[in-house]
Every structure is written in C-alpha cells, then in structure tokens.
Amino acid sequence: MKKVTNFFLLNWLDFVVVLLCFFLIELPRLPNLLILVNGCIVSLVLWFVIVKPQISEKPFSLHRSYSILFYFIILVGVFLSRILVRQFGSYSSPFFIPITLIALLYSKGVAVAASVYLAVVFSTAFGFNSLGYTLMLTTCLITAVASSKIEKRMQVARSALIVAIFSVFFYLLHVKMQGIKPDYLQIMIAFATPFISSVICIGVIPFIEYASMIYSNIDLIELGNLNNPLLKTLSLRAPGTYYHSSMVANLAEAAAQRIGANAVLARTASYFHDVGKAKRPYFYTENIFQENPHDELSPKLSHLVIQDHVKSGLEMAKRNRLPLLVQDVIPQHHGTRVQKYFYHKSKELGEDLSENEFRYPGPKPQFKEAGIIMLADAVEAAARSLKSPSAGRVQTMVEEIISGIYNERELDESGLNLKELEAIAEEFTKVLLNMFKSRIEYPKEEIKKVISLVQNSDNQPYKKSDKQNTSQESDRQSSKE
Ligand SMILES: [Fe+2]
Ligand SMILES: [Fe+2]
C-alpha cells in the first residue's frame with residue numbers, strides 16, 4: 001500500500017495530465033460509464049509504459065521546464081482536437097501540431113511515444129474502430145518520424161506535405177473499407193489540416209523557445225550565427241577565445257555526429273562555452289600577446305580570476321535567455337577538474353594549498369554533448385601548443401587527454417561509454433589532422449618517396465608540362481587569396 005501511495009505521490013502530475021486529457025475530450029459526451037473507465041485505465045497504462053520512461057530521462061530529469069512544456073503541448077493538442085473535430089470531423093484533428101512540436105523541441109523517441117499515446121486518446125474519443133485506430137496511429141507515427149531531424153523551417157512544410165498525402169490516402173482507404181461514398185470536403189480537410197498546422201507550429205515555436213528556453217535545432221543553428229550579440233562581443237573583445245570556440249565547435253560537432261548525439265547542440269553550445277571570457281579577455285592564454293598578467297598574481301588569485309569565466313558566462317547566458325542545455329555546458333565544460341598549472345605553480349612556490357583549492361565548482365558533464373565539449377575543449381587547447389604535429393603525435397595526444405579525463409571520473413554522469421569515447425578519439429584525430437594539414441610533419445621515408453616520385457615525373461617530358469600547368473594554376477589561386 002505504501003508503494004502505491006509513493007508511486008501516486010511521485011507521479012501525481014502525470015495522473016492529472018492523463019485524466020485531464022481524457023476528460024477534455026470525453027466527458028462532455030457523457031459516454032457509457034464502462035467505456036469511460038476502460039478508456040481511463042488504457043490511457044494511464046499507456047502513459048506509464050510508453051511515455052513516462054521517455055520523459056524520465058535526461059534532459060527531463062535536469063530541468064523541470066522540459067516536463068511542464070511537454071504536458072502543456074499534449075493538453076493544448078488534445079483541447080484543439082476537441083474543438084476542431086466537433087466542427088469539421090475526425091480528419092480535422094490537428095495532431096500534427098503537438099507531435100511536430102515535440103519532435104522539434106525534444107527527440108524522435110519522445111515524439112514516437114507521444115504519437116502512440118495521442119493516437120489512442122483520439123481514437124477512443126472519436127469512437128474509431130480498430131481500422132480507424134490503426135490508421136490514426138500510423139498517421140501520428142509518420143508525423144513523428146517526418147518531423148524529427150528537422151533543421152530548417154521549410155522542412156516543416158515538407159513534413160506537412162508527407163502527412164497530408166498519407167491523411168488523404170488513409171481517409172480514402174477508411175471510407176472504401178467501410179463501403180461509404182467519399183466526401184470531398186473531408187478530403188480537402190484531411191489535406192489542408194497538416195499544412196495549416198505546420199504554419200501554426202512555425203509561428204508559435206519562437207515564443208515557446210523564448211518562454212521555456214528549450215530550443216529546436218532550427219533556432220539552435222541560428223543562435224550560432226555571428227550576428228548573435230554575445231558572439232559578436234566575444235569575437236571583438238576576445239578574438240583568441242572566439243577562434244578557440246570555433247575550433248572546439250568543429251571537433252564537438254564531428255564527434256557528436258559520429259556517436260549519434262545532437263551535433264547541432266554540440267556546435268552551438270561550443271560557441272558559447274567560454275563566453276564569460278569576454279569580461280576579462282586578457283587573463284586567458286589565447287588572448288595574451290604581450291605581458292602575462294598572471295606574473296603579478298599569486299597562483300590562487302590567478303585560479304580565481306580564470307574560474308570566474310564560468311560564473312560570468314552563466315550570468316551572460318541567463319541574461320540573454322540562451323537555451324537551458326547551452327547554459328548547462330558553461331559550468332560543465334570544466335566539471336570539477338583541477339587547474340593543474342596554477343596548482344603546480346603554488347607547489348613550486350612552497351604554498352601549502354590542497355588540490356581542491358584549484359578545483360572548478362562543477363557540476364560534471366550531465367549529458368553526452370556536454371561531455372564531448374569538455375573533451376574537445378581540452379584537446380583543442382593541447383593541440384594549439386603542439387610544436388610539430390605529426391599524425392602519430394596528434395593521435396597519442398588525443399588518446400592521452402581523453403583517457404586522462406576519463407580516469408579523473410569527470411565523464412561518469414555524461415552517459416558516454418568506452419566505445420563512444422574510442423569513436424570520439426578517432427573523430428578528434430581526423431578533424432585535427434585536417435586542421436593542421438599544412439603543419440603536419442611527415443616521416444622521413446614519406447618525404448623521400450615524394451621526392452623520388454617528383455624526380456621521376458620530371459624525367460618524363462609530358463608529365464613535366466602537366467606539373468608546370470598545375471603549379472601555374474596554384475600560383476593563380478594563391479594570388480587570388
Ligand atoms: Fe572554459
Ligand atoms: Fe574553452
């Protein structure tokens with residue numbers, strides 16, 4: 001009994017949402033009590049078996065706003081359906097709106113779970129038979145799949161077109177199997193509803209994002225634009241940090257793509273991870289060109305000044321209403337790591353300070369993209385100081401940094417596993433080798449091979465002319481640049 005009470009107390013909001021959803025549509029019709037009770041039980045079971053596991057994971061567990069917005073979208077979707085279906089029939093149900101908004105703001109998995117739940121609620125409320133239910137479920141699932149991975153506004157319209165075609169097809173199939181004559185008005189409604197819904201989605205999404213600070217990939221891409229006032233300030237006040245952030249973004253995006261994490265979030269969050277350095281840019285290595293201000297400071301004070309970029313960055317991010325997950329990356333990209341340079345400097349000066357005095361406050365990375373950015377940040381900083389980068393040296397450096405951070409247990413809460421870390425190391429090495437192509441030191445045997453190949457080709461008259469043409473072309477290209 002205690003377990004049941006605890007379960008109810010922990011999930012009371014879910015019970016309220018499910019019952020509200022069901023009663024929003026069903027109660028005014030005053031149906032048979034048995035159908036009503038059965039419907040409620042089925043809805044609750046479905047919610048706790050299919051939807052709840054999806055909305056208990058990160059980022060839902062990190063910010064309450066994720067659950068609140070999710071409940072709000074479901075309730076508004078159900079309420080809109082109730083109004084429209086009564087006026088224009090079952091095929092006017094704007095299911096496209098809640099499912100597309102969930103696919104854009106959350107993930108494909110959450111959108112698929114919501115589709116299954118909404119299809120059951122709608123089908124029960126509209127009195128669909130098993131055929132109607134199957135068609136409704138298929139249309140909702142198609143909407144979820146078509147709307148996930150959207151990165152441009154126009155792709156919402158493309159998704160609406162796919163759903164509109166399927167809706168008309170399913171309507172025709174439905175009437176044919178029931179032996180009824182098709183109603184042309186219903187065909188038009190089935191075709192137009194997803195398009196009207198897509199316009200509503202595109203229109204409301206900026207307001208939802210501003211209010212909830214939960215962003216779709218469409219607007220995350222726009223945030224990473226240099227027109228963003230925070231990034232503009234960073235590029236003008238701390239050009240070294242801006243360059244570093246761009247390099248981190250390239251590394252993090254490639255790694256996130258490789259392991260199936262959100263590459264758009266990884267890129268945008270990387271741009272803002274060190275935004276707090278715009279406050280006192282001249283204290284950070286990448287912006288120091290003349291005197292080092294740390295020469296005048298004690299190691300502990302230097303640590304405090306450097307650590308301040310996390311606090312200032314978070315304040316700037318909150319003031320500018322940056323996405324919640326981008327805000328999270330700002331403290332998490334240093335986790336609870338020790339600033340070893342100043343710790344060792346303090347030791348050399350004979351100060352009796354513990355490692356913890358030089359530790360960042362954390363928290364440790366809480367999701368995969370934050371973990372990737374922590375790794376990319378450390379790798380980029382080390383790669384910059386690599387004097388003569390060879391393919392082997394770059395690979396060793398990347399592997400050492402990743403295994404070092406892993407052994408410090410900084411990635412314990414990020415959800416990254418060893419296989420993914422190996423893939424990230426490979427991807428970082430690939431990106432760095434591309435970045436440093438011109439600086440790569442090739443092994444001596446490779447150089448000898450290249451020289452002998454060039455000499456051989458020089459001995460062949462027709463190849464020599466080819467070579468001359470190529471060099472003339474490259475001269476032309478470089479003079480253009
Ligand atoms: Fe930083
Ligand atoms: Fe950084």
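Predicted model: local features only at pLDDT ≥ 70, side-chain atom pairs only at ≥ 80, totals over all residues.
Residues are numbered from 1 along each chain as its sequence is written, with chains lettered from A and ligands numbered from 1 in the order in which they are written.

Okay, helix 13. It covers residues 263-272; helices here are DSSP runs of H or I, at least four residues, numbered from the N terminus. Ten of its ten residues are buried, so helix 13 is largely enclosed by the rest of the structure. Buried means 20 or more other C-beta atoms within 10 Å of a residue's own, with C-beta atoms placed from the backbone. Among those buried residues are Arg267, Tyr271 and Phe272. The cover includes helix 10, helix 11, helix 12, helix 14, helix 15 and helix 17.

Now, which residues of helix 17 does helix 13 meet? Leu265, Ala266, Ala269 and Ser270 meet Glu369, Ile372, Ile373 and Ala376, where contact means C-beta atoms, placed from the backbone, within 7 Å.

Last stop, His334, in the loop between helix 15 and helix 16. Is His334 buried or exposed? Buried, with 25 other C-beta atoms within 10 Å. Leaving out residues up to four places away in sequence, His334 touches Val310 and Tyr360. His334 and Gly362 sit 28 residues apart in sequence, and 6.8 Å apart in space, C-alpha to C-alpha.

Terms used
Axes fitted to C-alpha atoms, helices over the stretch in contact; angles between N-to-C directions. Helix = DSSP H or I, 4+ residues; strand = E, 2+ residues; numbered from the N terminus. Contact = placed C-beta atoms within 7 Å. Buried ≥ 20, exposed ≤ 12 C-beta atoms within 10 Å, placed from the backbone.
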